[in-house]
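Have a look at the picture first, and then we'll go through it topic by topic.

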Amino acid sequence: MVPLSWYLALGASLFVIGAAGVLLRRNVLVVLMSLELMLNSVNINLVAFSRFLENLEGQIFTIFVITVTACEVAVALAILVTVVRNKATLEVDEIAIMKG
Amino acid sequence: METAFFLLFAGIAALSALMVVVARNPVHSALSLMVCFIQIAALFVLLGSPFLAVIQIFVYVGAVMVLFLFVIMMLDVRKDVHVRFRTSGVPALTVLILLGGEMLVLLLSSEHIPALSTAGEGAAGSVKELSLTLFADYLLPFEIASVVLLVALIGAVVLARREAE
């Protein structure tokens, strides 16, 4: 039986790696992929807690997280295609049309 | 045996996650992300939730990654290959080290987590129980999720469509 803390440690390390990708990479596609990685590390935590607490709600939450992630990716990639069509760049720092 | 499999899957998952962040070519990032998702699906099997493992492979590996690869191949990504990381990385690195350290301290200092590790030996529940919980207790969130999917579908089509001349 693998202890719960190992799963939590794996989730934490994947989360930190994903956060590093979001904060440090310049290519907006890789930033989106790292975001997926962070969401998945949270899913690991939810399923692990669901197993060790013998409570199915963690798995239900994971299903909803997966649904919302699928929506987010579809809309984000559509926005990205439009931005690249208008601005011809994939760099995070140069996409500042809204002066953010 | 289970420990060996966990270490194998977790090791490959962490390595491929690192590859996602450091890879020069976005296609390589996407492929290593796919490897990472498959390892996470295997971990879901180890955790006794085969349904979520199948969903993970269907949605992430089947749909999301194919979408990513399509967009990568639609756009010209060669220009960005030279410089991978942003120039001012010091504040971001500080935040990351603080975040990782905080998680590690919380994990190691918690008294509840070791107690949980011995308590839950039983199976987490079958697909039948999962679907009963989903469609009985969480019916409204389920319907809202379907509306969210529809909105995302329409939104993506409208956003990506070329304007009529």
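Predicted model: local features only at pLDDT ≥ 70, side-chain atom pairs only at ≥ 80, totals over all residues.

- For the model as a whole, the scores are ipTM 0.91 and pTM 0.89.
- Chain B has a mean pLDDT of 86, with 89% of its residues at 70 or more.

**Chain B at a glance**

- Chain B has seven helices and zero strands, so its pattern along the sequence reads α-α-α-α-α-α-α.
- Chain B runs to 165 residues, and 23% of them count as buried.
- Take the contacts in chain B with a separation of 6 or more: 50% of them are between residues 24 or more positions apart.

**Where the two chains meet**

**The largest nonpolar core**

- This core has 61 residues, and Met33(A) and Ala48(A) are the ones that touch the most other members.
- Leaving out residues up to four places away in sequence, Met33(A) touches Val20(B), Ser29(B), Ala30(B), Leu33(B) and Phe68(B).
- As a bit of background, nonpolar side chains tend to be buried together in soluble globular proteins.

**Two helices side by side in chain B**

- How do α2(B) and α3(B) run, roughly parallel or roughly antiparallel to each other? Their axes come within 8 Å and cross at roughly 175 degrees. Angles over 145 degrees count as roughly antiparallel, and therefore α2(B) and α3(B) are roughly antiparallel to each other.
- Among the residues making this contact are Ala30(B), Leu33(B) and Phe37(B) from α2(B), along with Gln56(B), Tyr60(B) and Phe68(B) from α3(B).
- By type, the residues in the contact of α2(B) with α3(B) come out as 21 nonpolar, one polar and no charged.

- Ile55(B) sits in helix α3 of chain B. Why does Ile55(B) count as partly exposed? Because it has 19 other C-beta atoms within 10 Å, and a residue needs 20 or more to be buried.
- Ile55(B) and Ala41(B) are 14 residues apart along the chain, and their C-alpha atoms are separated by 8.5 Å.
- Across in chain A, Ile55(B) touches Ile63(A) and Ile66(A), if you don't count residues up to four places away in sequence.
- Leu39(A) belongs to helix α2 of chain A. With 18 other C-beta atoms within 10 Å, Leu39(A) is partly exposed.
- The C-alpha atoms of Leu39(A) and Thr62(A) are separated by 9.7 Å, and these residues are 23 apart along the chain.
- Leu39(A) also touches Val65(A) and Thr69(A), again not counting residues up to four places away in sequence.

Terms used. Residues numbered from 1 in each chain as written. Chains lettered and ligands numbered in written order. Helix = DSSP H or I, 4+ residues; strand = E, 2+ residues; numbered from the N terminus. Buried ≥ 20, exposed ≤ 12 C-beta atoms within 10 Å, placed from the backbone. Contact = placed C-beta atoms within 7 Å. Core = buried A, V, L, I, M, F, W, Y, C linked by C-beta atoms within 7 Å. Axes fitted to C-alpha atoms, helices over the stretch in contact; angles between N-to-C directions. Parallel < 35°, antiparallel > 145°, perpendicular 65-115°, else oblique. Nonpolar A, V, L, I, M, F, W, Y, C, P; charged D, E, K, R; others polar. pLDDT = per-residue confidence, 0-100.
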